[in-house]
Amino acid sequence: MPIQPHPFTFKCSACGWKKTVAPKSDCLGPGDWFGRCPQCGSEAITMKPATRVEQLLIGVWPRR
């Protein structure tokens, strides 16, 4: 049974690009995961759990 992961935010340390994603299932597809920055190509990507504000901005009701 698929389990929906919590939303998370990717951020590039090199150029400041940032994207919050909320995958619909535990099977991640294109646009759900980033190994390189799509803007500058840097591999200096960090990932953290999305804040409540970031979740609201992408249209996902914040989980507890």
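A residue counts as buried when its relative accessible area is under 20%, as exposed over 50%, and as partly exposed in between. The exercises below concern a predicted model.

**Exercise 1.** Decide whether Phe 8 is buried or exposed, and classify Trp 33 in the same way.

*Solution.* Phe 8 has a relative accessibility of 9%. The cut-off for buried is under 20%, so Phe 8 counts as buried. Trp 33 has a relative accessible area of 47%; this value falls between the two cut-offs, and Trp 33 is therefore partly exposed.

**Exercise 2.** Classify the ring pair of Phe 8 and Phe 10, then that of Phe 8 and Trp 33.

*Solution.* The structure holds five aromatic pairs. For Phe 8 and Phe 10, the ring centres are 5.3 Å apart and the planes meet at 75 degrees. Planes over 60 degrees apart count as edge-to-face, so this pair is edge-to-face. Phe 8 and Trp 33 also form an edge-to-face pair, with 6.2 Å from centre to centre and 65 degrees between the planes. Phe 8 belongs to strand 1 (residues 8-12), while Trp 33 sits in the loop between strand 2 (18-21) and strand 3 (45-49); the pair therefore ties together parts 25 residues apart in sequence. Phe 8, Phe 10, Trp 17, Trp 33 and Phe 34 form one aromatic cluster.

**Exercise 3.** Which strands stand at the edges of the sheet?

*Solution.* The open sheet has three strands in the order 2-1-3, paired antiparallel. Strand 2 and strand 3 each have a single partner strand, so they stand at the edges, and one side of each lacks a neighbour in the sheet. Strand 1 and strand 3 are joined by five bridges.

Note on methods: Residues are numbered from 1 along each chain as its sequence is written. This is a predicted model: local features need pLDDT of at least 70, side-chain atom pairs count only at pLDDT 80 or more; totals for chains, interfaces and linings use all residues. Side-chain values use heavy atoms; hydrogens and water are left out. Rings of Phe, Tyr and Trp (its six-membered ring) pair if their centres lie within 6.5 Å; planes under 30 degrees apart count as stacked, over 60 as edge-to-face and the rest as tilted. Helices (H or I, at least four residues) and strands (E, at least two) are DSSP runs, numbered from the N terminus. Buried means under 20% relative accessible area, exposed over 50%, partly exposed in between (1.4 Å probe, protein chains only). Two strands pair if DSSP finds at least two bridges between them.
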